[in-house]
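Here's a quick tour of how two chains meet, written for someone who likes the cut-offs spelled out. Have the viewer open as you read.

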Protein chains: 2
Amino acid sequence: MIIEDFKLRRTIRKYKNDQIPEKMLNELLEVAFRASTTGNMQLYSVIVTRDEENKKKLAPAHFNQPTVTTAPVVLTFCADFNRFIKWCELRKAQHGYDNFQSFYTATIDALLVAQQFCTAAELCGLGICYLGTTTYNAPMIIEALNLPKFVVPVTTVTVGYPAEIPAQVDRLPAEALIHDEQYKDYTSEDIDRIYAEKESLPESKKYITENNKETLAQVFTDVRYPKANNEHFSDIFLKIIREQGFQF
Amino acid sequence: MIIEDFKLRRTIRKYKNDQIPEKMLNELLEVAFRASTTGNMQLYSVIVTRDEENKKKLAPAHFNQPTVTTAPVVLTFCADFNRFIKWCELRKAQHGYDNFQSFYTATIDALLVAQQFCTAAELCGLGICYLGTTTYNAPMIIEALNLPKFVVPVTTVTVGYPAEIPAQVDRLPAEALIHDEQYKDYTSEDIDRIYAEKESLPESKKYITENNKETLAQVFTDVRYPKANNEHFSDIFLKIIREQGFQF
């Protein structure tokens with residue numbers, strides 16, 4: 001059963017030198033564009049970066065992660081109200097899409113398309129990697145890709161033929177993520193049970209030692225996603241969303 | 001080829017009375033949980049609503065769309081930092097996740113899982129419908145589902161066996177959504193060309209006549225997604241995101 005294969009998926013960060021044929025890429029994107037979209041407005045755009053120089057321009061925005069410059073294709077998925085607003089303006093329609101709800105709606109549209117693209121790509125033997133750095137350094141991406149008003153980059157996906165099949169990473173037990181009828185908040189015992197496997201992994205113990213921490217959670221709060229960074233990138237992202245035309 | 005089938009997908013709003021076996025639903029969710037997630041933090045939760053009374057409680061938040069009460073299963077996908085923060089607190093780790101960037105990161109996680117669930121469900125013969133109303137009436141959903149601090153509903157999906165296969169809706173031509181290397185902004189001629197097919201559809205002409213408008217765009221701006229609604233729901237959504245603990 002095909003969905004069984006989905007359980008085996010893993011993020012691929014290293015790619016073969018092989019190019020992705022343009023026809024194949026366009027086919028995958030076309031498949032992705034059939035994903036659900038709010039009111040069939042299709043509030044997204046995808047920027048395709050293949051050119052080496054342009055990848056180098058994008059790389060600093062992604063903290064020079066090698067996956068950006070070594071992937072044959074880098075896709076930047078954007079929340080895009082520009083096209084729709086331009087249509088409204090040309091059709092004597094007074095839009096009211098310069099607000100947070102509209103930005104968030106376009107965010108949803110862009111992410112559903114991104115995930116549908118990734119699934120289609122993986123089914124065709126390609127490997128993908130999402131870059132969360134997109135929202136940290138959105139202003140740099142906006143400049144590099146020449147994004148106009150009402151367009152905000154939401155996520156980036158690198159794509160290519162896998163050069164390695166890394167070990168699958170852990171996931172929390174499904175019971176931790178599913179709530180039956182109502183949200184059942186977690187007791188301390190629940191948290192201990194849910195995180196037990198993750199905490200017992202050799203990699204987790206390695207992270208703790210390497211970073212000189214007491215617990216795995218401290219690796220996240222003090223090293224990987226610290227408060228100062230989250231607040232700094234919040235300020236930058238909020239500022240640029242507003243500058244791109246969404247007022248709140 | 002399986003991805004060819006994706007091109008034929010359509011939203012399903014009418015379902016047979018058949019229940020979805022619990023084992024199947026959990027299997028589909030487990031498949032979805034293999035979707036990419038930021039730093040493997042899995043910042044989401046899914047609330048499963050099957051109970052008729054609970055569906056009735058959720059229905060007003062979705063403007064009583066019949067799909068909510070007639071679907072065998074309603075899934076509310078939430079951005080969830082509660083579980084992760086509780087873990088941090090129990091592991092002597094001082095979190096800094098009460099900000100916009102963290103909320104947005106959890107939003108991304110939740111939407112990738114939602115879309116992966118939908119794809120898996122469709123591959124198993126189920127039909128799905130996304131409800132954009134989730135962010136409009138988030139406070140009602142938070143109350144109905146008892147969502148704690150740091151949990152915000154992001155989207156809702158109704159699921160069931162299709163009782164009808166509606167005609168496929170239109171999509172903009174792919175060239176309108178893909179930008180090669182850099183964003184190429186749309187000229188008036190581009191917009192005319194991109195929207196020509198949509199505007200020429202009999203349904204579009206029907207919407208214009210029914211709503212007594214001049215253009216299809218006016219149906220969107222004046223009837224379906226008017227400025228006053230967008231601003232009203234922006235205020236509500238921003239207020240509740242902050243009340244749930246994300247400060248900005």
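## Strands across the chains

Strand β5 (residues 178-180) of chain A pairs with strand β1 (residues 44-49) of chain B, running in the parallel sense over three bridges. Pairing here takes at least two DSSP bridges between the strands, and the elements themselves are DSSP runs numbered from the N terminus: helices are H or I with at least four residues, strands are E with at least two. Within this pairing, A:D180 sits opposite B:V48 in β1(B).

A word on the ground rules: this is a predicted model, where local features need pLDDT of at least 70 and side-chain atom pairs count only at pLDDT 80 or more, while totals for chains, interfaces and linings use all residues. Residues are numbered from 1 along each chain as its sequence is written, chains are lettered from A and ligands numbered from 1 in the order in which they are written, and side-chain values use heavy atoms, with hydrogens and water left out.

## The interface as a whole

Counting contact as heavy atoms within 4.5 Å, 117 residues of chain B touch 116 residues of chain A. About 11,000 Å² is buried between the two chains, with carbon and sulfur atoms giving 58% of that; buried area is the accessible area (1.4 Å probe) that two parts lose on being put together, summed over both.

The rule finds ten salt bridges across this interface, each being a side-chain nitrogen of Lys or Arg within 4 Å of a carboxyl oxygen of Asp or Glu. B:E214 makes a salt bridge with A:K92, with the closest N and O atoms 2.7 Å apart. On chain B's side, helix α6 (residues 100-123) supplies the largest share of the residues touching chain A, 14 of them.

## A threonine in α6

A:T119 lies in helix α6 (residues 100-123) of chain A and is buried, at 2% relative accessible area. Setting aside neighbours within four places in sequence, A:T119 is in contact with A:F6, B:F6, B:Q116 and B:T119.

Conventions:
Buried means under 20% relative accessible area, exposed over 50%, partly exposed in between (1.4 Å probe, protein chains only).
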